[in-house]
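Hi,

Here is the structure I promised to pass on. Have a look at it first, then read my notes below.

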Amino acid sequence: MDYNQLSLYVQKGNGAKVKEMVSEGLAQKASPTEILNAGLIEAMAVIGEKFKNNEIYVPEMLMAAKAMNQGMQILEPVLTATGVKPIGKAVIGTVKGDLHDIGKNLVRMMLKGAGIEMYDLGIDVSAQAFLDKAKEVGADMICLSALLTTTMPYMDSVIKEFEKAGVRSQYKFMIGGAPVSEAYAKSINADCYADDAVVAVDVAKKLLAK
Ligand code: B1M
């Protein structure tokens, strides 16, 4: 499979071609993880660099993200296929003010594939919405994603909202996203930080086993 070509189609925002190539790749038994890493995620890294250097602007970035999401939709059933009995329940979302969802979707898919029942609140999620959903579904874990340095501090607000409601100790908090770090997780009293979706699976399994 020509991963470079796939990456170029994502970068150009050609969703139809992305879907076609991902489907063909899977039919030819290419590794879903490799399609994801070498084709789709690689494209977003290039897009991010070009955006930083003012070579492209928000509309192009948005088109690439849409194409990436179209490819991910085809990969999702393969990545989340699991015969495992659920090992816990988690609420996931991108925090208030933040519209980035590709990384959050990936984390959701991988955790689902690891046998965790996932409740996805989407993007721009308020602290109150996290709290309401956690209570409603009886969640074990809350997963917060942020991609902007300006929205990362809202993770602290979410945890504080749970503290204010007197239920903080009932939930494990996992946080992640490009600007987030282990040190930041410690500073806001989150239970753990995961660097990427693969690490998130390991970390979540350990947390839920405690
Ligand atoms: Co935005 N954007 N963006 N953007 N965007 C970044 C994040 C940026 C780094 C680009 C850059 O300047 N190089 C920059 C942030 C700078 C900063 O704050 N430090 C930026 C900016 C500035 C902006 C706007 C402000 C631009 C503007 O309007 N002037 C604006 C903000 C909008 C808002 O949110 N309010 C904006 C808008 C957008 C689009 C809407 C156009 C689009 C998002 C569309 C969408 O998501 N549906 C977009 C995109 C696509 C990007 C880049 C190019 C790609 C992000 C991505 O999907 N990466 C990004 C540059 C970059 O990241 N290189 C950029 C691929 C994805 C697989 O990785 O999301 O990091 P990532 O997720 C990883 C890990 O972080 C981790 O696991 C994932 C998988 O391995 N992870 C977790 C994520 N969440 C986790 C949660 C966990 C654990 C791990 O536990 C719960």
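Predicted model: local features only at pLDDT ≥ 70, side-chain atom pairs only at ≥ 80, totals over all residues.

Before we start, one term: a polar contact is a pair of N or O atoms within 3.5 Å.

Asp 101 has a side-chain N or O atom 2.8 Å from a nitrogen atom of the ligand, and for Ser 145 the side-chain distance to a ligand nitrogen is 2.8 Å.

Where does the ligand sit? It is in the largest pocket. Helices α3 (32-52), α4 (58-80) and α5 (102-113), along with strands β3 (141-145) and β4 (172-176), each give two or more residues to the shell around it. In total, 34 residues surround the ligand, and Gly 97 and Leu 99 are among the closest. The shell splits into 20 nonpolar, nine polar and five charged residues.

Which residue is the only protein donor of the ligand's cobalt atom? That's His 100, through NE2, at 2.2 Å. You'll find His 100 in the loop between β1 (88-94) and α5.

Last, the sheet. Strands in a sheet pair through backbone hydrogen bonds, in either a parallel or an antiparallel way. Here we have an open sheet of five strands, paired in parallel, in the order β2-β1-β3-β4-β5. At the edges are β2 (116-120) and β5 (192-193), each pairing on one side only. Five bridges link β3 and β4; in one of them, Ile 142 partners Phe 173 of β4.

Cheers

Terms used
Residues numbered from 1 in each chain as written. Heavy atoms only, no water. Near = heavy atom within 4 Å. Polar contact = N/O pair within 3.5 Å; in protein donor to acceptor, adjacent residues only side chain to side chain. 1 Å grid on protein atoms, 1.4 Å probe; cavity = no way out; pocket = protein on both sides within 12 Å on 5 of 7 lines; lining within 4 Å. Sits in = over half its atoms within 2 Å of the grid points. Helix = DSSP H or I, 4+ residues; strand = E, 2+ residues; numbered from the N terminus. Nonpolar A, V, L, I, M, F, W, Y, C, P; charged D, E, K, R; others polar. Donors = N, O, S within 2.8 Å, 3.2 Å for Na, K, Ca; no water. Pairing = 2+ DSSP bridges.
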